[in-house]
Amino acid sequence: MSHTTLCERHQEKMTFHTTWTTEQALALFELPFPELIYQAQTVHRKFFPEATMQLSTLLNIKLGGCPEDCHYCPQAARYNTGIKAEKLMSVDSVRAQAEAAKEAGATRFCMGAAWRELKDRDIPAITAIVKEIKALGMESCLTLGMLTEKQAQALRDAGLDYYNHNIDSSREFYDKIISTRTFDDRLQTLQHVREAGMKVCCGGIVGMGETIADRANMLVVLANMEPAIESVPINHLVPVDGTPLSDMPAMDPFDFVRTIAVARIMMPQARVRLSAGRVKMSDELQALCFIAGANSIFYGREVLLTTGNPEIQRDQALLARLGIECI
Ligand code: SAM
Ligand code: DTB
Ligand code: SF4
């Protein structure tokens, strides 16, 4: 099959179908790099005709001490990563950080907690935080671990716009990375979020030793979610000393870009976020990710949850040099 035919098939699929197969996703990964980028950019322009970058600021509102065993995570209590558990941040401290983020130009404020799941006793504090963010006129996003149906409704009632809960990898690879909760647990929380009427932010991590088929399968699960998800964070593993993945060799940067490009083609309507790992990427590699379809970043703080993120001035300079408008 010629590349042109493949391109046409995927364009057609994008318009008329919502279901992707592993074979179709793998066929995209196997395209010559220039052809893949061409297809991704074609889809990107159709759905995002203006070159814009959505800026989200991320804050860790509850550091460390997590009971889970996610092999990548510096906040899991069982790994010796030098992180000391702290209590949930106060509403006032969170508001101050959100004000600074707004001042720096971010439009969404994302908050993460090192929890396995949300506990009902924390709901009053969390909903108070959401209301403060909304009062600042920013979009709000939380990632707090698993949610019940009722908890999702409580967050929605407080005005939460997005909930982030990642599937992290393919169903097949998942068990090699996490044993303390299942892939289906994750899907159930995502269903609760969607049924409560919030927007879904869901993605994963690459560079954990997974195969290309795993990357394809992860994207198939994400792309086949109905209704289509709004936000897809693609994280490059940040290997952290003390975690089981600390010695994971770096992946080929072009394979990382391929993952972004395939995500863009399979989820044309979503904001694809170039998430963890940007601090180690050159400006040129990030530009390639943006051409491949990434149009959201974490911006405005030099840490993500515990690891580094580029400084504001570097991001502003990069986006200005590329002529990309920040929204
Ligand atoms: N505890 C909640 C949970 O796991 O659902 C929310 C916070 S958790 C840290 C959010 C996401 O951060 C994880 O699902 C994972 O995708 C990402 N993450 C954590 N550590 C990472 C690392 N070292 N490199 C890349 N991404 C990472
Ligand atoms: C997501 O997908 N990436 C962010 C956010 N959602 C919460 C977290 C990245 C964490 C990177 C490792 C760290 O800083 O601890
Ligand atoms: Fe806990 Fe989330 Fe880290 Fe897993 S990713 S160990 S659930 S904080």
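A salt bridge here is a side-chain nitrogen of Lys or Arg within 4 Å of a carboxyl oxygen of Asp or Glu. The model you're looking at is predicted, and a search of the whole structure turns up 17 salt bridges. Let's work through some.

**Exercise 1.** Work out whether Arg-95 and Asp-92 form a salt bridge, and find where the two residues lie.

*Solution.*
- Step 1: The closest N and O atoms of Arg-95 and Asp-92 are 3.1 Å apart.
- Step 2: The cut-off is 4 Å, so Arg-95 and Asp-92 count as a salt bridge.
- Step 3: Both residues sit in helix 4 (residues 91-103), three residues apart, or about one turn of the helix.
- Step 4: Arg-95 has 24% relative accessibility, so call Arg-95 partly exposed.

**Exercise 2.** Take the salt bridge between Arg-186 and Asp-168 and say which parts of the chain the pair links.

*Solution.*
- Step 1: The two side chains meet at 3.4 Å, N to O.
- Step 2: Arg-186 is in helix 8 (residues 183-196), while Asp-168 is in the loop between strand 4 (162-164) and helix 7 (171-174).
- Step 3: That puts the partners 18 residues apart, so the pair links distant parts of the chain.
- Step 4: Buried means under 20%; Arg-186 is buried at 3% relative accessible area, and Asp-168 is buried at 3% too.

**Exercise 3.** Find the helices that Arg-321 and Asp-283 tie together.

*Solution.*
- Step 1: Arg-321 and Asp-283 form a salt bridge, with closest N and O atoms 3.0 Å apart.
- Step 2: Arg-321 belongs to helix 12 (residues 312-322) and Asp-283 to helix 11 (residues 283-292), so the bridge ties together parts 38 residues apart in sequence.
- Step 3: Arg-321 is exposed, at 62% relative accessibility.

Terms used: Residues numbered from 1 in each chain as written. Chains lettered and ligands numbered in written order. Predicted model: local features only at pLDDT ≥ 70, side-chain atom pairs only at ≥ 80, totals over all residues. Heavy atoms only, no water. Helix = DSSP H or I, 4+ residues; strand = E, 2+ residues; numbered from the N terminus. Buried < 20%, exposed > 50% of the residue type's maximum accessible area, 1.4 Å probe, protein only.
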